[in-house]
Amino acid sequence: MNSLNKTPLITIIVPVYNTKQYLKECLETIRRQTLDKIEIILVNDGSTDGSQFICEEYKYIDNRFSVIHQQNKGLSASRNKAIEKAKGEYILFVDSDDYIDIELCQMAYDYAKEKNADLVRFFYQENTKLGMRFHSKQLTLSQDIIESDIEKLKTAYTSGAMVWKFLISRDILILNNIRFPENLIYEDMCFTTKLALSSRRMVVLHKTLYSYRIRRSSLSWASDSVAIEQCEQCCNLGIQFAKKLQVSDMAIDFLTNQRDRMIVNLTKRINKKYNIEYPKEVFYE
């Protein structure tokens with residue numbers, strides 16, 4: 001059993017909802033991190049498949065884990081609850097059906113301190129039923145240090161707006177009151193915009209450290225009229241935040257284009273959920 005130091009360097013937040021099939025693999029890669037000084041907050045969001053018992057098991061075998069049990073409130077509410085409890089200097093979000101490189105925390109933390117950054121953007125790969133895939137768009141991120149608003153947005157959005165691509169200074173979340181919009185899906189579109197624009201300095205760590213499992217039931221693949229409306233709402237919240245900060249017109253145009261592109265793509269999915277890039281054969285259940 002590991003002993004948790006009073007002040008962890010990183011808090012890892014893992015919302016859990018009915019992912020029993022993949023949960024142990026996820027938690028093992030977290031438990032085996034080469035950086036020992038971490039805390040892990042598991043938020044069991046009303047699981048009914050036994051995931052809740054796996055959470056308790058890890059709390060028992062490693063006291064760096066803590067568990068919050070709540071009635072089902074959704075991904076955003078789970079993450080927000082854990083942010084309030086987090087004590088780490090930095091925060092890392094991990095989805096419970098994904099897994100991470102065991103050196104992620106050490107490498108990202110060391111790089112953040114070396115570059116005096118409050119946001120570290122690293123690379124990810126997709127775990128599909130047909131094998132691993134790497135988004136080549138990530139290779140366009142040639143700069144190491146990003147400080148202008150438009151470049152921070154472009155770096156944050158390249159290959160998707162998912163929040164688990166970042167090691168995040170807890171201070172920028174607390175000082176800027178950045179939280180996930182609750183009761184909405186595509187919440188990352190809003191959160192990532194606020195995150196990027198609130199960061200003093202973003203850096204790119206050119207290492208593939210996160211493995212994202214492509215699942216048919218993931219909220220990321222929701223595509224009906226409600227999903228489109230909620231995606232547009234989340235994007236607009238991010239745009240409103242950007243306007244309050246009085247960012248450049250170029251940055252506002254970028255966010256507007258991202259919103260419009262998402263709406264077009266989701267509209268196409270309504271009648272044809274699986275496209276050429278993501279045929280149905282690649283999806284886990």
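Visitor: Are Tyr157 and Phe254 buried or exposed?
Guide: Both Tyr157 and Phe254 are buried. Buried means under 20% relative accessible area, exposed means over 50%, and partly exposed is in between, with a 1.4 Å probe and protein chains only. Please keep in mind that this is a predicted model, where local features need pLDDT of at least 70, side-chain atom pairs count only at pLDDT 80 or more, and totals for chains, interfaces and linings use all residues. Residues are numbered from 1 along each chain as its sequence is written, and side-chain values use heavy atoms, with hydrogens and water left out.

Visitor: How many aromatic pairs does a search of the whole structure find, and what describes a pair of aromatic rings?
Guide: A pair of aromatic rings is described by the distance of the centres and the angle of the planes. Rings of Phe, Tyr and Trp (its six-membered ring) pair if their centres lie within 6.5 Å; planes under 30 degrees apart count as stacked, over 60 as edge-to-face and the rest as tilted. The whole structure holds 11 aromatic pairs. One of them joins Phe93 and Phe180, edge-to-face, at 5.4 Å centre to centre with 85 degrees between the planes.

Visitor: Where do Phe93 and Phe180 lie?
Guide: Phe93 is in strand β4 (residues 90-93) and Phe180 in the loop between α6 (170-175) and α7 (188-198), so the pair ties together parts that are 87 residues apart in sequence. Helices (H or I, at least four residues) and strands (E, at least two) are DSSP runs, numbered from the N terminus. Phe93 is buried, at 0% relative accessible area, and Phe180 is buried at 3% relative accessibility.

Visitor: Why is the pair of Tyr157 and Phe254 edge-to-face?
Guide: Their ring centres are 5.7 Å apart and the planes stand at 85 degrees, so the pair is edge-to-face. Tyr157 belongs to helix α5 (residues 149-157) and Phe254 to helix α9 (residues 249-271), so this pair ties together parts that are 97 residues apart in sequence.

Visitor: Which residues do ring pairs link into a cluster?
Guide: That cluster consists of Tyr124, Trp164, Tyr210 and Tyr212.

Visitor: Which ring has the charged end of Arg79 over it, 4.8 Å from its centre?
Guide: A charge sits over a ring if NZ of Lys or CZ of Arg is within 6 Å of the ring centre and within 35 degrees of the ring normal. Here, the charged end of Arg79 sits over the ring of Phe180 at that distance of 4.8 Å. Arg79 also lies over the face of Phe93, 5.6 Å from the ring centre.
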